[in-house]
Amino acid sequence: MSIRERLSGNEAVANAMRQINPDVVAAFPITPSTEIPQYFSTFVNNGQVTTEFVPVESEHSAMSACIGAAAAGARVMTATSANGLSLMWEMLYIASSLRLPIVMSCVNRAVSGPINIHNDHSDSMGARDSGWIQLYGETNQEAYDNAIMACKIAERTGLPVMNCYDGFITSHSIENIELEEDDKVKAFVGEYKPAHYLLNKAEPIAVGPLDLQPYLFEHKFQQAQAMREAKDVILEVSKEFSAMTGREYGLIEEYKMEDAEIAIVVLNSTAGTAKYTIDRLREQGVKAGLIKPRVFRPFPYAEIAEALKNVKAVAILDKCDSTNGAGGPLYTEVTSALYGAGITSVKAVNYVYGVGGRDVRTDDIEKVYRDLQLDVANGIQGTPYRYLGLKG
Amino acid sequence: MAYNLKEAIKKPNRMAAGHRMCAGCGAPVAVNAILRALKEGDHAVIGAATGCLEVSSFIYPYTAWRDSFIHTAFECAGATVAGVEAAYNAMKRNGRLPEDEHTKFIAFGGDGGTYDIGLQSLSGAMERGHDMVYVCYDNGAYMNTGIQRSSATPRFADTTTSPAGKAVPGKQQKRKDLTEVMAGHHLPYIAQTACIGNFSDVTTKAEKAIYTKGACFMNVLAPCPRGWGYETEDLMEINKLAVETCYWPLYEIIDGRYVVNYKPKNKLPVSEWLKKQKRFKHLFAPGNEWMIEELQKEVDEKWEKLLELERMTNPTQE
């Protein structure tokens with residue numbers, strides 16, 4: 001029997017970590033992810049886990065220590081946000097290229113500058129090509145569920161996994177949640193048995209070579225191949241998770257897309273606001289729908305194209321800008337997905353929204369659907385690269 | 001057991017031949033002298049910061065390291081090896097490693113990776129007290145990238161980013177005293193050493209550092225023939241002169257107590273060490289005598305201060 005609780009997103013994730021009981025957690029405080037190492041160090045000091053907690057002096061060292069520990073043969077977890085993720089930058093690529101199954105919760109927050117502690121997606125979106133699998137969660141429940149699944153996905157793919165969810169909105173809000181029983185979670189993740197590891201005296205290994213022209217290209221190909229194959233692994237692990245919990249997860253979540261004529265694609269907590277808005281619009285006969293990608297890396301190109309192929313217009317909402325002069329990261333990926341699938345009938349526009357924690361209300365989401373109706377009626381007027389909730 | 005070179009060198013080198021370090025480089029000599037202190041049955045995980053030692057000893061698909069080895073990046077050998085040590089503790093506690101197995105953790109970094117870019121990572125790892133040894137092999141500049149000045153570069157030295165020019169005669173700042181920075185970390189064991197004579201000083205200190213519980217630090221002089229400008233066969237002479245001039249004093253700090261291991265009866269003038277190295281060539285040009293005098297003053301002051309620290313912390317030593 002699962003346990004009904006009321007927890008914040010961070011507390012739920014910390015509890016997932018307690019249940020998994022990883023060998024090593026190395027972390028550094030940064031708002032809004034700080035609560036995770038706080039809760040977790042309480043579990044350590046109260047003897048509820050047998051984890052070695054390493055309270056490092058920076059996020060760079062957090063990821064370095066995670067890499068050292070994972071290469072040594074340990075199951076490893078950490079958490080960070082925003083500038084903390086930025087400081088880890090160099091090590092993110094090293095973690096993924098060494099094929100280390102580290103699990104990191106990324107509690108999304110705006111990256112400086114100027115400094116801002118509130119939610120947007122500029123942190124994890126900046127790290128989208130660092131070779132990490134990226135899962136995005138709408139609710140506390142999803143943040144908790146993804147944290148548990150991430151462990152298995154990481155170990156099966158040999159790739160590190162980022163468990164992303166919205167700072168404050170998800171990390172600090174308290175919601176009803178179903179926790180699985182400790183022994184069930186332990187059984188689900190199972191024992192970690194790495195094939196090769198530094199601490200295996202019988203088979204010493206060397207990790208992190210100088211890798212020059214003759215081999216680096218092939219190694220990077222193998223890494224890319226692992227990411228391509230990760231899609232199936234994510235689906236497989238999600239299916240196993242569903243068998244335990246009854247909660248089903250795919251690569252994307254579709255909401256009222258069966259007959260949708262206009263749709264929004266959006267990540268994380270804003271999907272909840274969009275679902276509420278869709279229900280209201282549907283009462284008025286507007287055929288509105290939603291796609292919420294759960295996985296951003298590997299990007300579900302085929303699945304998104306398939307889900308969008310029958311709509312007349314789609315608005316892709318980005319909670320950060322790419323400053324590339326053409327559109328946000330989710331927009332450019334979704335339009336690539338459509339183009340790659342040969343779909344040219346769908347009008348696609350971009351809205352950058354919620355930057356630096358700017359509130360996104362149901363009225364804002366409704367405005368997007370109303371704009372889409374106009375785009376359908378009149379064609380896209382002006383630029384498709386738009387801003388939502390920006391003061392004039 | 002007393003140190004015996006003949007016995008010590010019977011052990012196979014744990015950093016094997018075939019690596020690509022330069023002839024006359026002090027680093028691999030120091031590394032093997034340190035690793036000889038490991039008990040034969042003990043496994044080690046060795047980490048290295050990016051630098052000459054790393055890029056010359058582990059070029060895919062070959063490794064010179066007989067023990068397990070990890071390199072991640074330039075500034076984080078301290079944190080990386082700390083992570084390995086944390087894993088060891090957890091995996092032992094969780095029954096994933098045999099109880100009677102002993103693994104030792106040793107990180108190597110050059111002065112660039114230690115005094116400069118890796119100082120924070122080192123400081124953190126030492127302060128947290130991981131059971132590991134961090135060894136700085138100090139060659140006094142960024143040698144791997146082509147002899148750029150570091151905070152370990154001696155004053156007036158000619159490097160590619162502190163060239164001895166007409167207006168500015170080499171590096172203008174005194175070198176950072178990292179061993180003293182580490183003293184502020186209250187570690188159980190700190191040593192400054194060099195490969196001289198029968199290697200007794202370096203190997204004996206390595207044994208203490210490796211087998212003292214907690215975070216220990218060693219600073220070992222590692223001359224660089226390319227950066228310092230000496231003949232490759234003069235490596236041991238350069239090491240010896242650094243010690244005999246008191247440019248590089250051999251000492252330990254054991255739980256806060258200073259022990260100066262060697263006090264030369266005839267302290268040689270620092271110019272004896274300088275004149276063997278092309279990086280100081282301009283100091284010997286007419287009119288530049290003041291630079292040698294300044295360096296001599298710096299060496300003398302530091303030496304006196306070191307003796308004073310020994311008197312203060314360890315009055316029975318003298």
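Start by selecting the open sheet of chain A, where seven strands lie in the order β3-β2-β4-β5-β7-β6-β13 with mixed pairing. Strands here are DSSP E runs of at least two residues, helices are H or I runs of at least four, and both are numbered from the N terminus; two strands pair if DSSP finds at least two bridges between them. What you are viewing is a predicted model, in which local features need pLDDT of at least 70 and side-chain atom pairs count only at pLDDT 80 or more, while totals for chains, interfaces and linings use all residues. Residues are numbered from 1 along each chain as its sequence is written, and chains are lettered from A and ligands numbered from 1 in the order in which they are written.

Next, pick β5 (residues 103–108) of chain A, which runs parallel to β7(A) and is joined to it by six bridges. Which residue of β7(A) is the bridge partner of S105(A)? Look for N163(A).

Two residues are in contact if their C-beta atoms, placed from the backbone, lie within 7 Å.

**Helix α2 of chain A**

Move to α2 (residues 35–45) of chain A, where E35(A), I36(A), P37(A), Y39(A) and F40(A) are buried. Buried means that 20 or more other C-beta atoms lie within 10 Å of the residue's own; exposed means 12 or fewer, and partly exposed is in between, with C-beta atoms placed from the backbone. After α2(A) comes G47(A), with a positive phi near 70°.

**The two domains of chain A**

Select 3–245 as domain 1 and 252–388 as domain 2 of chain A; these bounds come from an automatic or database domain assignment. Their centres, taken over C-alpha atoms, are 28 Å apart. Here 27 residues of domain 1 are in contact with 19 residues of domain 2. On the domain 1 side, α5 (122–126), β6 (133–137), β7 (161–166) and α8 (216–245) of chain A each supply at least two residues.

**Across to chain B**

Then find β9 (residues 206–207) of chain A, joined by two bridges to β4(B) in a parallel run. There, V207(A) has I70(B) as its bridge partner.

**Last stop: A64(B)**

Centre on A64(B), in the loop between β3 (62–63) and β4 of chain B. Why does A64(B) count as buried? Because it has 22 C-beta neighbours inside 10 Å. Leaving aside neighbours within four places in sequence, A64(B) is in contact with M15(B), A16(B), G18(B), H19(B), S57(B) and F58(B).
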